[in-house]
Amino acid sequence: MTKKKGIVTKWIITVVLVLFGLVCIYPFLFTVSSAFKPTGEVLSTPLQLIPEHFTLQNMKTVFANPYFDFGQWYMNTVVMTVCTLVLLAGLMIPSDVMIMPRYMLFKELGILNTMWSLVLPAAVDVYFVFMLRQAFIAIPDSIRWSSESGRPRRARCARPPASACTISMPESGCMSRAVRCASPAKRNGAPP
């Protein structure tokens with residue numbers, strides 16, 4: 001009896017989810033179908049999903065109008081997508097992969113065993129650039145506007161979020177390496 005009850009429950013859940021999915025996808029389908037309707041037919045009642053009079057005039061109007069520069073808009077989308085993917089790919093690369101290239105770079109620059117060899121990797125690390133961006137987004141617009149209007153005393157309020165991130169950048173890089181080096185598995189010679 002419980003097995004039949006479980007099957008009936010799964011069917012009910014499936015039907016409810018399919019109906020919910022259809023309700024959610026209807027506005028998208030209506031928008032696409034409206035692109036192929038004449039202007040007067042778009043908001044006619046009752047709303048029709050399938051155009052009564054199919055036309056491509058809307059597409060011609062949009063692409064022929066110099067006000068709408070879809071080529072440039074499309075390129076903006078491609079550029080932003082590629083930049084986002086590069087950022088995400090940078091976040092997925094473990095920091096240990098970059099140890100040897102950084103060592104060789106710092107040796108060439110002559111900054112081995114200096115404070116710069118700790119600060120520079122954290123300053124350009126993708127994770128910390130993201131964290132700084134998030135910190136600056138957290139600054140309210142009113143503070144930014146007050147600094148632009150010639151009242152620099154109130155603009156000092158923008159420093160704390162950024163200061164916390166910039167202070168933690170070198171520390172977190174050093175601390176994560178110190179924790180990995182001091183772990184019991186490393187001291188005993190066991191593989192991690």
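Where in the chain does Glu41 lie? The points below start there and then move to the wider chain.

1. The model is predicted. Glu41 is found in a loop, the one that runs between helix H1 (2–34) and helix H2 (57–64).

2. Glu41 is a buried residue without a salt bridge. The nearest side chain of opposite charge belongs to Lys37 and is 5.5 Å away. The cut-off for a salt bridge is 4 Å between a side-chain nitrogen of Lys or Arg and a carboxyl oxygen of Asp or Glu.

3. What does the side chain of Glu41 make a polar contact with? The partner is the side chain of His53, at 3.2 Å.

4. On the aromatic side, a search of the whole structure gives seven pairs. One of them is Tyr26 with Phe30, a stacked pair with 6.2 Å from centre to centre and 25 degrees between the planes. The planes count as stacked because the angle is under 30 degrees.

5. Tyr26 and Phe30 are separated by about one helical turn, because they sit four residues apart in helix H1. Are the two residues of this pair buried or partly exposed? Tyr26 is partly exposed, its relative accessible area being 33%, whereas Phe30 is buried at 14%.

6. Aromatic residues also form a cluster, made up of Phe63, Tyr67, Phe68, Phe70 and Trp73.

7. Ala89 belongs to helix H3, which covers residues 70–92. With a relative accessible area of 34%, Ala89 is partly exposed. The C-alpha atom of Ala89 lies 9.5 Å from that of Val126, and the two residues are 37 apart along the chain.

8. As to the chain overall, there are 10 helices and zero strands. Read from the N terminus, the order of elements is α-α-α-α-α-α-α-α-α-α.

9. How many of the 192 residues count as buried, as a percentage? The figure is 12%, and both Glu41 and Phe30 are buried.

How values were computed: Residues numbered from 1 in each chain as written. Predicted model: local features only at pLDDT ≥ 70, side-chain atom pairs only at ≥ 80, totals over all residues. Heavy atoms only, no water. Helix = DSSP H or I, 4+ residues; strand = E, 2+ residues; numbered from the N terminus. Buried < 20%, exposed > 50% of the residue type's maximum accessible area, 1.4 Å probe, protein only. Lys, Arg positive; Asp, Glu negative; His and termini not counted. Polar contact = N/O pair within 3.5 Å; in protein donor to acceptor, adjacent residues only side chain to side chain. Phe/Tyr/Trp six-rings, centres within 6.5 Å; stacked < 30°, edge-to-face > 60°.
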